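Let us walk through a structure step by step. Keep the sequence and the 3D view side by side as you read.

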Amino acid sequence: MPYTKRRRLVSSAVAVALGATALAACGSSSDDGETQAGPVSLTYWTWAPGMDKVVDLWNEGPGKKERITVTVKKQASGDTLVTKILTAHKAGKAPDLVQAEYQALPTLVSNDALADIADSVEDAKGEFAEGVWQQTTLGTDAVYAVPQDIGPMMFYYREDLFKEYGLSVPATWEEFAETARKLKKAAPDKDLTTFSANDSGLFAGLAQQAGARWWTTSGDKWKVGINDDATRKVAEFWGGLVEEGAVDNQPMYTPAWNKALNTGKQIAWVSAVWAPGTLTTAAPDTKGKWAMAPLPQWNEGESSTGSWGGSSTAVTTDSGHKEAAAKFAAWLNTDADALNALAKESGIYPASTSAQLSGAFAGPPEYFSNQPDFYEKAAGIAKTTAPSAWGPNVNVAYTTFKDAFGAAAKNKSDFTAALDTMQQDTVADLKKQGFGVAE
Amino acid sequence: MSSLAPHKAGPAAGAARGPARRRRIALVPTLTLLLGALYCLLPVAWVVVASTKSGSELFSTFTFWPGTGLADNLSDLSAYRDGVYWRWMGNSALYAGLGALLSTCVSAFSGYALAVYRFRGRETLFNVLLAGVLMPPVILAIPQYLLLAKADLTDSYLAVLLPQILSPYGVYLARIYAAAAVPADVVEAGRMDGAGEWRIFSRVALPMMAPGLVTVFLFQFVAIWNNFLLPYIMLSDDEKFPITLGLYTLLEQGANTPALYTLVITGAFLAVFPLVALFLVIQRFWSLDLLSGAVKS
């Protein structure tokens with residue numbers, strides 16, 4: 001920020017004297033930055049571990065040539081970061097670059113916090129699968145972010161135990177249910193997997209695979225389809241399995257869940273490409289015993305998957321150097337060296353298709369050394385990711401999911417009623433926020 | 001506050017010593033307090049035990065059975081991002097130490113003034129303060145951020161220190177304590193002897209208020225040490241983070257990176273020490289009774 005000392009004094013005095021009434025004047029200070037004559041310095045809020053080392057590559061390489069220096073300010077991930085960005089944006093002080101999950105982009109864009117960088121990142125488009133790129137455009141001509149990592153969903157199972165119980169890898173969800181029942185018969189104390197009501201992202205991904213479109217626009221109104229037919233099908237499927245006791249109903253990521261995976265009480269996991277990292281810490285004793293397969297399909301012969309997780313790099317409207325920031329965002333997510341470093345330092349699975357099979361992804365993850373073609377398969381699955389449709393209040397939908405489905409899973413009661421609650425609460429919140437909602 | 005619970009259990013157990021008839025009655029409160037102490041101490045015990053476990057032992061071995069990873073956890077924590085943990089610890093000490101000290105000074109001045117001087121609007125001022133006590137500081141964090149952003153002070157040490165200097169509860173406590181501990185006669189006597197107002201405050205009233213101010217200091221220290229939202233909103237540079245925020249970033253590393261549980265637990269365990277030490281050191285000031293013998297009653 002090119003604040004002079006005198007300016008700071010003046011603004012302090014104004015702030016003290018006028019308090020909150022002086023809030024409007026700040027945004028002007030950054031306008032003089034678009035002409036990139038002098039050296040540019042950018043700040044970048046990200047939660048990816050080791051990102052500072054990746055950014056060093058930029059600062060010492062292309063950044064030095066272009067005189068663009070980037071400083072990483074490490075943050076905690078999650079919905080709270082979105083709140084923090086919006087608060088900073090209200091004061092005109094958002095950083096130049098932010099890391100944002102795909103489902104957070106509509107929230108940020110509807111608050112006018114993200115800049116349209118379509119002109120600066122045009123060349124990058126070809127590096128990404130269409131379904132991934134579409135998430136950063138929100139279906140418009142604008143581009144609000146550059147994809148960084150993705151989380152295509154897959155099916156993980158204990159190869160040894162599947163053999164022991166004579167189970168075959170399910171190709172459809174129907175077979176998945178049969179497998180769960182068959183296991184229950186063979187070993188009543190074991191579960192195929194669990195339905196976790198704590199993980200909204202998992203349910204959203206499963207619905208996405210089934211073809212759900214939770215948020216769409218018609219005209220200038222939002223249309224919420226959380227209880228559409230596709231999602232209803234998914235909810236009924238899992239609700240049925242929980243009700244008959246074919247799968248467990250305990251949440252994931254708890255000590256008990258870790259133990260269940262580690263001891264073979266649960267023998268499969270519907271997860272995403274980042275599962276090897278989680279399994280390494282959750283189930284260290286079962287290393288080399290797992291295998292990965294595509295997600296079961298709703299109809300035989302189809303191939304489609306959802307995504308769970310993934311994030312992008314966006315430029316804020318508060319940035320005084322949007323073009324420079326966009327240049328960095330494009331480099332970070334398309335340059336081979338940068339992506340290699342990201343994989344090594346931050347452990348991400350790149351959105352860039354060319355990086356999905358090179359460098360760190362040439363061989364399988366250590367935990368899956370028994371499956372040498374792990375990442376080849378993963379890249380193939382990633383291509384089949386169904387399009388997603390996020391809206392401006394994903395956080396509200398996610399919170400009500402946890403409450404409504406949490407209760408339903410615990411009581412083994414009707415999942416579709418929980419789905420209706422989720423739909424109603426999400427619509428009510430959109431209206432409360434002042435969005436037009438098409439019924 | 002949990003560290004107060006065992007001390008409270010002490011006197012209650014002592015009170016049970018007496019005639020046999022009373023002892024049976026005192027059994028119930030003693031048991032209740034012991035249960036309360038257990039309730040407060042169990043999570044602490046969990047943290048202590050869990051901090052000795054290595055990553056693979058954490059969720060797989062018996063909860064209250066110590067593991068073998070304490071040394072590794074400590075060195076991992078110190079090595080994490082070139083020892084940023086100790087920087088957070090230092091930041092917390094600075095925010096809490098300096099903040100509590102300044103806050104105690106402000107509370108002492110204003111509490112004394114409100115208790116001893118009669119001036120127009122005194123009660124109104126005090127009532128406004130009382131309203132401030134009822135207002136949770138959390139809801140002020142965002143307005144404070146917007147205000148400090150105007151002054152270009154966000155993401156600085158001052159951004160966290162300034163809002164916490166005025167503590168309505170501290171002023172309230174100081175006023176109540178000054179009204180009870182500094183008799184008007186003593187102030188009057190000082191004036192008769194020709195002491196100035198500053199001298200009366202610093203030499204006569206301040207020592208009398210000391211136990212109360214120690215309480216204010218401790219309250220404010222703990223409040224700042226545990227504060228999360230204000231620094232979370234104010235700071236973006238993790239070199240300036242206090243310990244609460246730092247540990248949070250270790251937990252929330254993004255969906256594809258497992259949380260660093262062992263580091264967080266070990267970090268939380270170490271972060272308890274300064275508070276315990278502070279309580280042990282400052283506790284003795286509470287028993288000082290400067291009042292005795294100051295006035296004849």
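What follows starts with chain A as a whole, then turns to its domains, its strands and finally chain B.

This is a predicted model, in which local features need pLDDT of at least 70, side-chain atom pairs count only at pLDDT 80 or more, and totals for chains, interfaces and linings use all residues. Residues are numbered from 1 along each chain as its sequence is written, while chains are lettered from A and ligands numbered from 1 in the order in which they are written.

Begin with chain A. It holds 17 helices and 10 strands. Helices (H or I, at least four residues) and strands (E, at least two) are DSSP runs, numbered from the N terminus. How far does the C-alpha trace of chain A span along its principal axes? The answer is about 80 × 50 × 35 Å.

Now look inside. Of the 439 residues of chain A, 50% count as buried. A residue is buried if 20 or more other C-beta atoms lie within 10 Å of its own, exposed if 12 or fewer, and partly exposed in between, with C-beta atoms placed from the backbone. Among contacts in chain A with a separation of 6 or more, 76% come from residues 24 or more positions apart. Two residues are in contact if their C-beta atoms, placed from the backbone, lie within 7 Å.

Chain A is divided into domain 1 (33–150 + 309–361) and domain 2 (152–308 + 373–438). Domain bounds come from an automatic or database domain assignment. The C-alpha centres of these two domains of chain A lie 28 Å apart. Their contact takes 20 residues from domain 1 and 23 residues from domain 2. On the domain 1 side, α5 (105–110), α6 (130–137) and β9 (307–315) of chain A each give two or more residues.

Next, find strand β1 (residues 40–46) of chain A. Is it mostly covered or mostly open? Mostly covered: 6 of its 7 residues are buried. Strand β2 (residues 68–74) of chain A runs parallel to β1(A), joined by 7 bridges. One pair of bridge partners is V40(A) and I68(A). Strand β3 (residues 97–101) of chain A also pairs with β1(A) in the parallel sense, over 2 bridges. Here Y44(A) has L97(A) as its bridge partner. Two strands pair if DSSP finds at least two bridges between them.

Turn to chain B. Its domain assignment gives domain 1 (2–50) and domain 2 (78–287). In chain B, 4 residues of domain 1 are in contact with 5 residues of domain 2.

Finish with one residue, I233(B). It sits in helix α12 (residues 229–234) of chain B. Why does I233(B) count as buried? It does so because it has 22 C-beta neighbours inside 10 Å. Leaving aside neighbours within four places in sequence, I233(B) is in contact with K84(A), T87(A), A141(B), I142(B) and Y145(B). I233(B) and Y172(B) are 61 residues apart in sequence, and their C-alpha atoms are 27 Å apart in space.
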